[in-house]
Amino acid sequence: MKPFDVYPLINVTPVKAAGSKIWDDQGTEYLDLYGGHAVISIGHSHPHYTKRIKEQLDNIAFYSNSVQIPIQKELATKLGEVSGYADYDLFLCNSGAEANENALKLASFETGKKGFISFTKGFHGRTAGAVALTDNPKIIAPFNEHDQVHILPFNELDKVEKQLAKGDIAGIIVEGIQGVGGIVVPNPEFLLGLSKLAKQYGAKLILDEVQSGYARTGRFFAHQWVEGLKPDLITVAKGMGNGFPIGGVLISPEFKASHGLLGTTFGGNHLACAAALAVLEVIEEENLIEAAAQNGEVLMKELSAIEGVTEVRGKGLMIGFDLAVEAAPVRSALIHEHKIFTGSSGGKHTIRLLPPLNIETKALTLFIQKLKAVLTTNKVH
């Protein structure tokens, strides 16, 4: 047997990591500005994180949700405090896609409706319901296609209201900042308008913060840059476990729980909760929300001044920038010649940056120097 070959692989074999650095099996050091799809929030193998997990592993790693698991309540309380949503409930699962699937179910249960609105270039995962919300035909199987999903243009409220007025919409799902779509920041007026329209037409607003949450943007959630916005449901994953699989749905008090409404075997296990608690403790202890905001502001300013960079978007350390030429050869030179990981996006000219939130400023300065060298050497501007 061999792995099912569905991933185009970079020819690098990481065997060790610490902070924002990775070492391969040849002992070569790399700078990680991508965090494995925005997963590494507090840095690779953070000492507090590994200590927490090892201690939990020595006691109990797993039991199902049929017994008392106090560390779940500890995690929910801490997440409520750090995120500013202490009055919400938390449902724990294993990934971002699973979190979005459960948010869709909750919205549908609560409203008794079947339809959902999502937006062009959005991405919410690859499971059956989540993948149907994307407009990428390459990842949608015939089984996933149905007529209950309405994918509308981003930032256009009039089309959203026209669809809501038909009366069959259970919820609207939107990313705090579109990630795979190329780091696209929604207009504050658009998000506030979605919230208002959802309430007006009896639908639920779901903020997908799987990539943009957990301090990534210089706020705990990206939507908290918009004053007065309070979604009905918020989904989280990626940075939540810093590499340990865990996801969750923050649920507003208007939703009433009942036994059997949602469920999972592995979600909320002891080991995952210990990892997630360690992440929140490090975010607080190291002031990573503020660090992300400050480092992101400096990095975006530096990027904007580089010849050959045509646009810079994002907030905090969730950054996308466009080049005058295609990004693939530039990313290839960064990884193979200068040993720096960056990320791609749906746009051929866009590079994504999603480094650990506690990355050192000198590492970002080094990246700027190397990027300038690549653009000059390859005469890509």
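Author: Start with the second largest pocket. Note that the model is predicted. Helix 3 (70-83) and strand 4 (89-93) each give at least two residues to the lining of this pocket.

Reader: Which element supplies the largest share of the lining of the second largest pocket?

Author: Strand 4 does, with 4 residues.

Reader: How much space lies in the second largest pocket, and which residues are closest to its centre?

Author: The space comes to about 760 Å³. The lining has 21 residues, and those closest to the centre are Q72, L90, F91, L92 and A257.

Reader: Now cavities. How many of 30 Å³ or more are there?

Author: A cavity differs from a pocket in that the probe fits but cannot get out. The count here is 1 cavity of 30 Å³ or more. The largest cavity holds about 30 Å³ of space.

Reader: Which residues line the largest cavity, and how do they divide?

Author: The lining consists of A38, S41, Q211, G213, Y214, R216, G239 and L357. By class, 3 are nonpolar, 4 are polar and 1 is charged.

Reader: Where does V6 lie in the chain?

Author: V6 sits in the segment before strand 1 (14-18).

Reader: Last, aromatic rings. What describes a pair of them?

Author: Two values do: the distance of the centres and the angle of the planes. This structure holds 9 aromatic pairs. One of them joins F62 and F266, with 5.6 Å centre to centre and 45 degrees between the planes, a tilted pair.

Reader: Which parts of the chain does the pair of F62 and F266 link?

Author: Distant ones, 204 residues apart. F62 is in the loop between helix 2 (47-59) and helix 3. F266 is in the loop between strand 10 (247-251) and helix 8 (270-285).

Terms used: Residues numbered from 1 in each chain as written. Predicted model: local features only at pLDDT ≥ 70, side-chain atom pairs only at ≥ 80, totals over all residues. Heavy atoms only, no water. 1 Å grid on protein atoms, 1.4 Å probe; cavity = no way out; pocket = protein on both sides within 12 Å on 5 of 7 lines; lining within 4 Å. Points joined across faces, edges and corners; volume = space filled by probe spheres on them. Nonpolar A, V, L, I, M, F, W, Y, C, P; charged D, E, K, R; others polar. Phe/Tyr/Trp six-rings, centres within 6.5 Å; stacked < 30°, edge-to-face > 60°.
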